[in-house]
Amino acid sequence: MALFCVSAAVLFGFIYVASVAYMERQTEETITAEITGFVDQYRLRGLGGLRNTIAQRAAARPDRASIYLLVDRSGRIMAGNIDRWPEGQETKEGYVRFMIETGIEGDNSVASHRALARGFLLENNARLLVGRDIESRLSIQATLLNTLMIGGGVMILLGLLGGLVMSRWMLGRLDDVNRATTRIMTGDLTQRFVDKGSGDEFDELARNLNRMLDRIERLLAGMRQVTDNVAHDLRTPLNRLRSRIEVALMGEQSDEARELLEATVRDADSLIHTFNAILSIARAESGEQQAEFEPFSLREMAQDVTELYEPLAEEKSIELRLKAPRDAMVVGNRHLVAQALANVVDNAIKYGVENGHVTVDVRERPTPALIIVDDGPGIPAEMRERALERFVRLDMERSTPGNGLGLSLVAAVARLHEAKLELDDAKPGLKISMTFPPQRRVGRQASGRQEVRSAA
Ligand SMILES: Nc1ncnc2c1ncn2[C@@H]1O[C@H](COP(=O)(O)OP(=O)(O)OP(=O)(O)O)[C@@H](O)[C@H]1O
Ligand SMILES: [Mg+2]
């Protein structure tokens, strides 16, 4: 816009300056031509002849649209239609600007006008002045200036408006793309970009992106099918295997055989657990569950989870506390959020110290949030990002059971709910917070009842 304004100003300025210079030159050229004519007269017919010619011309112009004046070397007027040489310019040659009284005396049309004239020194020191009334030319210039200013103003205004509308429109279309992209990134692969049918580059982009999404969706559906099939196909025989061993355990065995069978059941349990975790993560990441989102109470969910983990905490003499002064309603998948919370609480107990403390905090404001704090060893800042990846365990000596999927599910659930997942230092210990986005008003009213649960 600034560039456009500057070029408009330069263009209009140029038009003005060029037209003024052209008009000025024209006046000067006619004056010079006339003077040349007079000089010729003077050479041919002497001062007397020149005086006659000038007297004639002056008589023809009583309104002083053209100005003539001839004075002899002592400054006495010999002929002309003005009564004195312009003041202050008496000795000068060249162009002078001055005011004249125009119109015919006794008429009402007498007015004061601006004039341009050229003084010329003849050979015998007589001086000649030839000029023009330039009032009308100057008023044309003023009109031109006005017109250009108004025109330029309108042009810049329209340009500004056009630029604004254009950029609004562009940004609007970009916003559409951004909005759709955000929704797709949260897992809603069914989302498509709008093709407005105008055939411009944005529509082209939308069409290409849509084609790409179709492909991705097909690929994902295929992958999911394979994963589901594998998981299903392996889970069923695994479960069967497990129950057969359990049946076998009911019979008579040597102590050695019994121990082996029991270890096999544990392994089978761990495998089943892993399969379930992989399937849960895959489901959360596919974003399919968003369709089944329902409002649920964060407090009630947290109550159930902490209750479930009380015995485990008790085993390690860990005090597991739920702090939920106000309930918070969240629209989401209760089962998955509960699973995520369970994984975090499980970690807090598993990696926490004996006689330690684990707090589950349900917040309502500013947005619903779950904050879990333990006072165990915590995770060093540089490893927090990695801890969220699949199959990543930071526990180098592998002294605790697990396969590094717990926090991956937590991350996937957070993504699915557009919640912010943060790992912090609780000094000592780990603080994990899952902050949900602002919720639209949902059914149940939050009550202010204090709820503290402990298991020490
Ligand atoms: N509260 C915690 N304190 C200290 N370290 C933790 C804590 N929570 C997680 N970690 C570290 O992060 C790693 C990843 O945790 P994650 O829950 O993903 O896997 P896991 O607990 O090892 O296995 P799984 O949860 O699948 O049984 C853990 O191996 C552990 O080293
Ligand atoms: Mg874990």
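Predicted model: local features only at pLDDT ≥ 70, side-chain atom pairs only at ≥ 80, totals over all residues.

Visitor: Okay, zooming out. What does the protein consist of in helices and strands?
Guide: There are eight helices and 13 strands.

Visitor: What box do the C-alpha atoms fill?
Guide: Roughly 155 × 45 × 45 Å, taken along the principal axes. The radius of gyration is 49 Å, while a compact globule of 456 residues would have one near 23 Å.

Visitor: How much of the protein is buried?
Guide: Buried residues make up 21% of the 456.

Visitor: Which domains does the assignment give?
Guide: Domain 1 covers 2–140, domain 2 covers 201–286 and domain 3 covers 293–453. The C-alpha centres of domain 2 and domain 3 lie 24 Å apart.

Visitor: Let's go to the ligand. Which residues come nearest to ligand 1?
Guide: Asn347, Leu394, Gly402, Gly406 and Leu407, out of 22 residues around ligand 1. Two elements give two or more residues to that shell: helix H6 (334–351) and helix H8 (406–416).

Visitor: Which element gives the most?
Guide: H6 does, with four residues. By class, the shell around ligand 1 has 10 nonpolar, nine polar and three charged residues.

Visitor: Tell me about H6 itself. Which residues are buried there?
Guide: Quite a list, including Leu336, Val337, Leu341, Val345 and Ile349. Asn347 is buried in H6 too, and that residue is also among those that come nearest to ligand 1. H6 has 18 residues and reaches 25 Å from its first C-alpha to its last, close to the expected 26 Å.

Visitor: Switching topic: where are the cis peptide bonds?
Guide: One joins arginine 365 and proline 366, with omega about -5°. Proline 366 is in the loop between strand S9 (357–363) and strand S10 (369–374). Another joins lysine 427 and proline 428, where omega is also about -5°. Proline 428 is in the loop between strand S11 (420–425) and strand S12 (430–435).

Visitor: What about phi of lysine 427?
Guide: Phi is near 45° there, a positive value in a residue other than glycine. Phenylalanine 391 has a positive phi as well, near 60°, and is found in the loop between helix H7 (384–387) and H8.

Visitor: Is lysine 427 buried or exposed, and why?
Guide: Exposed, because lysine 427 has 8 C-beta neighbours inside 10 Å, and 12 or fewer counts as exposed. Phenylalanine 391 is exposed too, with 10 other C-beta atoms within 10 Å.

Visitor: Last stop, glutamate 24. Where is it found?
Guide: In helix H1, residues 2–60. Glutamate 24 is partly exposed, with 15 other C-beta atoms within 10 Å. Glutamate 24 and leucine 116 are 92 residues apart in sequence, yet 9.6 Å apart in space, C-alpha to C-alpha.

Conventions:
Residues numbered from 1 in each chain as written. Chains lettered and ligands numbered in written order. Near = placed C-beta within 6 Å. Nonpolar A, V, L, I, M, F, W, Y, C, P; charged D, E, K, R; others polar. Rg over C-alpha atoms; globule rule 2.2 N^0.38 Å. Buried ≥ 20, exposed ≤ 12 C-beta atoms within 10 Å, placed from the backbone. Domains from an automatic or database assignment. Expected span 1.5 Å × (residues − 1).
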